[in-house]
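Here is a short tour of one model, with its confidence, a few salt bridges and some helix packing along the way. Have the viewer open as you read.

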Amino acid sequence: MLPRLFGLLTLLPFLLQRLKPFRGDDHKTRSMKFTLNWLREYIDTDLEPARIADHLTMLGLEVDACVPCYPELTGVVVARIETVQPHPNADKLVLCDVTVGQELKRVVCGAPNARAGLVTALALPGAVLPGGFTIKPAKIRGEESCGMLCSAKELGITEDQAGIMELAADLQPGQELSQALGLVDTMIEVDLTPNRPDCASVLGIAREVGGVIGKRIKPPVVVPPVLTGENLPFSVEVESGGDCPRYAARLVKNVKIGPSPWWLQQRLLAVGMRPISNIVDITNFVMLEYGQPLHAFDFNKLAGGRIVVRRARPGETLATLDGSEHQLDNQMLMICDAERPVAVAGIMGGANSEVDAQTCDILLESACFAAIGIRRTAGRLNMSTEASYRFERGVDPQGVPMAMERAVQLMAALAGGEIVAGGVDYRDGVVAPAPITLRGKRTRALLGMDLDLARIGGALTGIEIEVEKIDDDTLRVTPPSFRVDLEREVDLIEEVARIVGYNLLPTTLPMVPMSFSEPDALRELRKKVAQTLIALGFYEAINYSFVAPQHHDLLGLAADDARRQTVHLLNPLAEDQSVLRTTLLPGLLENLRRNVNHQSHDVRLFEVGKVFRPQGSRQPEEPFRLAAVISGRRNPGAPVLHAGETPADIFDVKGVMAQILDRLRLGAAIACQAGVTRQELPFAEPGSVLAVMGGEKILGWCGAFSQKTLKGFGIKQQAFFVDLDLAALGGFSPQAKTFAPLPKFPFVKWDMALIVPEGVAAGEMLSAIHGCGERLIEQAEIFDVFQGKNIEAGKKSVAISITYRALDRTLDDETVGKVHQKIIEMMISRFNGQLREA
């Protein structure tokens, strides 16, 4: 089972790549709509709509909708108007006696085309029209009306509301309208992925269904016509062959422009297209049928009877059929006549060659344009059409003459046109698909299924992919021209999986080893630091890595400072985001300024993030750093009555640093020390900076910002900072965790007050007590420092509380007194002090 699982997992990325739409490829999402009856014209199947939808979904063509067409027409029947009489109480209404089956009903009507002998649509009482309007028997100006004669718009069939519907005279009165007009159908909507342009056609969908049920499609045109360009009344010249691999054109003369027959209108209406005229409707119908966009030019509007396929020239413009005027550039492919552009190739025709009611001669275009050029032009002109949607994904170059032949046949049949013999078929850019070798062993390994070569070949030939056997386990496969997505062996294996059925792929539970990956030490370090700072009342900031180069000047960095060496962005979003940051502090200062300007003066912020150091031609170095700022009151969350308004100072950031080191158990290896010069930290206040030292190495700093720096950033209150190299911090090993039992015997506290010179550091006094070697000392802490009355100038009084405890007995005063006196004598001697009298 494991080889099968491995094979399926190997194929999975390819399946996901081809089934998932590429968001960057679509500037407007479209789907393919068709009806069940339309599909059955090309494939012999009696499958129910839901079953077809299931098959398409399993083939990778997601079905978005499968709904009946015109479900609201229940209760609407065919009726014949027998007589029309004026309404006795209304000038604009008439009384119509209509035949419905064997019954004669009277209906009040206001349509201008109501006349005797007209066959139309009648909504009987109880019918619910689109929009929820229910028909009821009613008196209209004193006359009974047993229903409503309806227009096509009122029934939701077309937008025509000029009058009531005018139906064929041979329809049987009383028959359900949906049955009489062939409206009983199901519309299916398929969401297409960009790699399947062949399915943007009803024939393409039919081919997919035929592959599953084992039947071939029946296209309207089987053999492409052979077009010769001799003695033609028009000419075609392709100047830009790279943009237009194939271009075909034919002339149809003496057409009669008019409305399309109902069956053609019905096909277009069912999929949401508005019928316009027989010629335009034919081009739209064939596009949906074959997936090949067509364009009909009024031949008599083409200067010189010429078609020139070229790129636009400087200064050219074109007014398109949607009424918009477009300025063209030399990257846009145009269809031109002898004098000017007449269409944007593959997107939309021009108003100067539009088919109108006076058109009698049609020059029909069927072409294959390069997808990249169409996509580029559509984007620049902000145009997206059904034609551009198909050309952007790639149309079948071999389908160009087929679609043209189908369209000219319909123009002859539906518009009375005369097809001029011959035509132009430029095909110099058509490249035959390269054969692909398909191995049976590889197919079985990837799918995990025991498929013989005949089954594999049969799956491919079922969707019109040409297969030739090379040996007992190898096929030479020639992709059809309409499958632009088949390029590799794995693409063919996917086709086999689709046709055989994804649901038949064997299911195997994965073997998951009971192991865990090693945690990322730096990530764990960042989490611990962040948790510590949040517990201390800080908020985490996340700033852009793109900053302004002026930040270096605001920090006062020297010209040769390494932090001025930045990585510049090639295409910055803005000038103030043009370089990658080399320090985190400017971002936090900007945050501080924004908070202070919004009346939030007590600020504690930190950020853990990367800085970027250029490394010549190599990738920049990206170490993680920690930066924090404190400004405002020392205890911002506490009531002023109890905590006062004491401002934060350097000891607060020193305490923050001590808490971080304590949390990381690095207090013994790393310490904060004074002595950093202004040149190293030009943005700091002289004498208010501590270096975070790990042995002889500087890991970071904490201190106060200088007033000049704060003024440069627009900050009007004092602020303090921490700036630490987290990557370097992670190189130190934490102290091992140690545990001791809870003490069984009580402690004793004794105090001392010593008068010492003013320059003696209080921390040194505590260190001396802890380092004297007395085992009974558990803790020493300073609880008061005093200078003033009764204290000699240049000296200070330091009060220290010492906690004594023995682990094996209860201490008595005599024992504690001896140790305490010894410590007093040591302190007096070491710090040139004297015992302060009570």
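## A buried arginine and its partner

Arg 246 is buried, with a relative accessible area of 2%; buried means under 20% relative accessible area, exposed over 50%, and partly exposed in between, using a 1.4 Å probe and protein chains only. Its side chain meets that of Asp 425 in a salt bridge at 2.7 Å, N to O. A salt bridge here is a side-chain nitrogen of Lys or Arg within 4 Å of a carboxyl oxygen of Asp or Glu. Asp 425 is partly exposed, at a relative accessible area of 24%.

Asp 425 sits in strand 24 (residues 424-426) and Arg 246 in strand 14 (residues 246-253), so the pair ties together parts 179 residues apart in sequence. Helices (H or I, at least four residues) and strands (E, at least two) are DSSP runs, numbered from the N terminus.

Residues are numbered from 1 along each chain as its sequence is written, and side-chain values use heavy atoms, with hydrogens and water left out.

The mean pLDDT (the predictor's confidence in each residue, from 0 to 100) is 90, and 95% of the residues reach 70 or more. Where pLDDT is low, the predicted coordinates should not be read in detail.

The whole structure holds 44 salt bridges. In one of them, the side chains of Arg 483 and Glu 495 meet at 2.9 Å, N to O. Arg 483 is in the loop between strand 27 (474-478) and helix 13 (489-500), and Glu 495 is in helix 13, twelve residues apart. Arg 483 counts as buried at 3% relative accessibility, and Glu 495 counts as buried at 1%. Both belong to a salt-bridge network that also includes Arg 196, Asp 198, Glu 208, Asp 485 and Arg 498.

Arg 593 and Glu 590 give another pair, at 2.5 Å, N to O. They both lie in helix 16 (residues 585-597), three residues apart, about one turn of the helix. An α-helix has 3.6 residues a turn, so residues three or four places apart point the same way.

Helix 7 (residues 278-290) and helix 10 (residues 400-415) have axes that come within 10 Å and cross at roughly 145°. Axes are lines fitted to C-alpha atoms, for helices over the stretch in contact, and angles run from 0 to 180 degrees between N-to-C directions. Residues that meet across this contact include Ile 282, Phe 285 and Val 286 in helix 7 and Leu 410, Met 411 and Leu 414 in helix 10.

Seven of the eight residues of helix 9 (residues 386-393) are buried, so helix 9 is largely enclosed by the rest of the structure. Those buried residues pack against strand 1 (31-35), helix 7, strand 22 and helix 8 (371-381). Gly 394 follows helix 9, with a positive phi near 105°.

Technical notes. This is a predicted model: local features need pLDDT of at least 70, side-chain atom pairs count only at pLDDT 80 or more; totals for chains, interfaces and linings use all residues. Contact means heavy atoms within 4.5 Å.
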